[in-house]
Every structure is written in structure tokens, then in C-alpha cells.
Amino acid sequence: MIENAPYKRQSIDWWLVGAYLLLVLIGWVNIYAATHTAEAGSLLDFNGRAGKQFVWILTALGLAGMILFLLPARLWEAVSIPLYGVVLGLLVLVIFVSSNIKGSHSWFSLGPISFQPAEISKISTSLLLSLWVSRQGFKMSRLKDFLLACLIIGLPMLIIIAESETGSALVYIGFIFVLYREGLSGWWLGLIGLIIVLFITTLTLGMFWAILIMIGVLVACNAYMQPSRFFKRLAICGGAVLVIALLPTVLSWLSGLVQAQIDLLDNRIWVPRADEPDHYFWSFILKIRPMHVLLGGAAVAFPLLMWWAYKKKDTFLGVSLAAFVVGVMLVFSTDYIFHNVLKDHQRSRIEVLLGMKEDLAGAGYNVNQSKIAIGSGGLFGKGYLQGTQTTFGFVPEQSTDFIFCTVGEEWGFLGCLLVIALYVFLIVRLVTDAERCRGHFARVYGYCVASCIFMHLFINVGMTIGLMPVIGIPLPLLSYGGSSLWAFTILIFIFLALYRDEKKYF
């Protein structure tokens, strides 16, 4: 009876299609605004970027129609494994055969056409991850299942890092939201957040404060896990953390007293007596540092807490102690990672972002000009094609990675709000439709698409307003480029095809 059921034409989510088309249209006209000059032709001048983008848009719409109306929706489950393998091969191959473009080896050049396999890898990873997670009997709590899901995400991510495409690699972190929806503990999200905080705090404030913050967070988490003794544990342990936090001030005051005592001993005729501490005692006191006290206290407390966790069978406390050890290793290795693993341009961008140095003519130039452009737009903007920062090309890469500052300058705050609102609508609609799907594969894939778009939006917009380092990542559907537009079109319309297949019958 299901086969003879009437076809439901409303099964396509036209709201989602409409949001997609609006964002593509906004991107097209802003690419023209970012690249036009007094002598420039029209939007359809195929010698300019806007004209070329129009061609990419037409081809993307052709792909969308083919995916939605010609190809069977269930094809994507069948091709997910071979497609993933082929894309991994392309990711490795591009490292060896591509030329160096702005420090990365990530582009295939086929005559006048170039494409980036890292963009396609988001599609293949989303499909295979959806296939694995939707497999019958999959449990996120089972170590084997969890590790294989991480491997599916991690393999392309590591290869992309080897291509020096850090921005594209960061997008893969967003897949943790998919795993969270499928049963991953929320503590993993907190752990990733803590790692980021530790890295930033170590660079800006030093190792002492990074370790102290980590202790404070772990104490609060353990207190939260014991509701009956929450306030008691939080008060005792929080008080201890507060006392340690005051160590720099206390030791500074004590050092002043000790130095005064040493000066007094040096400036008088002094004959040590048996009941009088000698000069070297005070010198030793001066050498004590807050970090010494903190690590000494931790060394004493750690085995006691391990014994307590074993005796009381407190698994969470044991995991917290393991996290503390890993955190301390991360803190002490941050300096090495920063100076020996990261490249010079990456280091400079992070230093500018965190306020460790000011380089408005070098690493901070793009962001500074972008913020000037966005800020000068005010509430309503300067008007289409009236942006001075845009017209005179003060912002590099303004039609690609920094397209958002064109919107900010010419459309103003309200224009930025409209664009972000469209993205939010697109992401929320994807998640809502994914939850309506009966098939597990379609649901997981919908979350994968939403996560990819969210990560691109978060990183790109954060980059243009100075909240994220400049790492070179396009704004979905707005930035110039065929690889990005095709990739996001395929991502979105595969989901629309899966959703249409789910809802095509009454």
C-alpha cells in the first residue's frame, strides 16, 4: 500500500531552499561590490570575479537539481565508503603534486580551474560518519564504536593539517556536536573548552594561573557531581584554591620583608650566633615561587586523592585526576608547541589576537582594516558600492575570506544582522528537519551539515571582527570560489534529497 500512496509534493523543504538561494544571491552581489572599480563591468562581466561566480552559481544549481530530482537518495549510503577512500587519496596526493599557494599545498590546478579536495572531504566525512553512527547496534558508550567514529573524523583532519590548511581542519571539530547528539557525554565538550582555555591562559598569564584555573574547574565539577555535599566541598576546596591564588601577592610581600632583612645583614657587622638564622636561609626563602608551592601541594594531594577515589570507587574523581595530569603536561608543552610546531605566520596572528603584540602593518593588518570597514558602516551602512575601504581595496582577500566586512561597511549593522539571521535560520531548519527524519542516517547527516556550516560561520565572522585568528576559511555560500560553493550546495541538497525521500509519502 505504501508503494501506491500518493506523492507528496510538499516534501521538499522550500524554506531551506529559499534561505540557500538568498545567501547565494547576497554573496554574488557582494563579490561584485568587493572587486568592482570605476572601470569595472556589470555583474555579468565574465572577466571579473562576479561574472565567474555567476557561472559557478549556475553550475551549483545544476548540481542541486541533479541531486534532488535525478539521483536516488539512497545512493549516498552506498557510495559513502568508496567516496571517503577516494577523497582521502586526493587529500594525500595534493600535498605532493600541488604548488605552494600562500604557504599551503591544498589546490589542484586543471588549467584555468582550481579546486580544493579539503572542501569535498567535508561531504565524504559527513556521509561515512552518518553511515557508521546509524549502523544497527552502534553505541557511543562502546569504546570501539567511539574510536572508529573519531578515526573517521580525525584522518582527513590530520591530512589537511599536513597541507597547512589549519582553517579547514578546524571545521572538523564541529563534528563533536554530531557525536554529542548521538550520545557522547557533554563532559567531552567541556574538556575541549578547558584545553582551549589552558592554552590561551598559559600564553597570556603564565603556567601558574593556567594550572590554578584547571584545579578550580575540576574542583567545581567534582562538587557538582556530589549534590548532597556540593556546597561543603565547594567551600572547602574553593577556599584552598583562593588561598593558592593569593600566593603571588603573599610571596611578593614576603620577598620584600626578606630582602629588607638581607640588606640589614649585609650592612652591619654581623657575627652569626647559634640561635640566629644565617644569610643563606633568607636567600633560600627569596627563591620560592608560587609554582613551586602549587606543584608541591599537588604532589602531596595527588596520591591521597587517588587513594580516596579507589577506596570510595569514585570514578569521576579518578577521571578528574587523570585530566589534571594531562592538563599539566599540556601546560608545560604549550611553549614548545607555540614556538616549534606553529609556523611564524600562525604565531604572529595568535599573538596579535591575544594582545601579546601589536602589528597593524603586518599580521594584524587584515583584521584591523576589516574592523575599520565594519565599524565605518554604522547602523545602516554607506550604501551599495559606496564603501571606501571596499572600493579602494584596503582589506586583502575581501571577496573570499573577508567578504563579511563588505556586508558590514555597505549594509551596516542591520545588514550583518540579516545575513547572520539567515545563517541561523538555515542551521536551525537543518536541525529541525533532521529531528523529523525517521531514518537514522538522514538525521545524523543533517546534524553533520549543520555543524559544518556553523563552524565556518563562527570562525569566519569571528576572524573578521578580531575574535578569531586569521586562518583563511570561506563564509559559506557568500565567499567567492567554486570549490566552496559546490561543496556546500552538495552538502545541503544531499540532505534535502534524504529529507524528501523520508517525507514523500503520506
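The model is predicted, so local features need pLDDT of at least 70 and side-chain atom pairs count only at pLDDT 80 or more, while totals for chains, interfaces and linings use all residues. Residues are numbered from 1 along each chain as its sequence is written, and side-chain values use heavy atoms, with hydrogens and water left out.

**Confidence**
- The protein chain averages a pLDDT (the predictor's confidence in each residue, from 0 to 100) of 79, and 78% of the residues score at least 70.
- Residues 1-9 have a pLDDT below 50, and this stretch has 11 contacts (heavy atoms within 4.5 Å) in the model beyond near neighbours in sequence.
- Residues 269-279 stay under 50 as well, with 12 contacts beyond four places in sequence.
- Where pLDDT is low, the predicted coordinates should not be read in detail.

**H1 and H18**
- Helices here are DSSP runs (H or I, at least four residues), numbered from the N terminus.
- The axes of H1 (residues 14-35) and H18 (residues 403-436) come within 10 Å and cross at roughly 160°; axes are lines fitted to C-alpha atoms over the stretch in contact, and angles run from 0 to 180 degrees between N-to-C directions.
- That makes H1 roughly antiparallel to H18 (over 145 degrees; under 35 counts as roughly parallel, 65 to 115 as roughly perpendicular and the rest as oblique).
- H1 passes H18 in a left-handed crossing, where the near helix is turned anticlockwise from the far one by less than a right angle; clockwise is right-handed.
- Their contact has 20 nonpolar, two polar and three charged residues; Ala, Val, Leu, Ile, Met, Phe, Trp, Tyr, Cys and Pro count as nonpolar, Asp, Glu, Lys and Arg as charged, and the others, Gly among them, as polar.

**H8 and H9**
- H8 (residues 186-204) packs against H9 (residues 207-224) at about 160°, axes 8 Å apart, which makes H8 roughly antiparallel to H9.
- H8 passes H9 in a right-handed crossing.
- H8 brings Trp187 and Leu194, among others, while H9 contributes residues including Trp209 and Tyr224.
- By class, that contact has 12 nonpolar, two polar and no charged residues.

**H3 and H5**
- H3 (residues 75-97) and H5 (residues 143-162) pack at about 20° with axes 9 Å apart, and are therefore roughly parallel.
- The crossing of H3 and H5 is left-handed.
- Tyr84, Leu88, Leu91, Val92 and Ile95 of H3 meet H5 residues including Leu151, Pro156 and Ala162.

**Salt bridges**
- The count comes to 10 salt bridges (a side-chain nitrogen of Lys or Arg within 4 Å of a carboxyl oxygen of Asp or Glu).
- One joins the side chains of Asp13 and Arg429 at 2.9 Å, N to O.
- Asp13 lies in the segment before H1 and Arg429 in H18, so the pair ties together parts that are 416 residues apart in sequence.

Note on methods: Helices (H or I, at least four residues) and strands (E, at least two) are DSSP runs, numbered from the N terminus.
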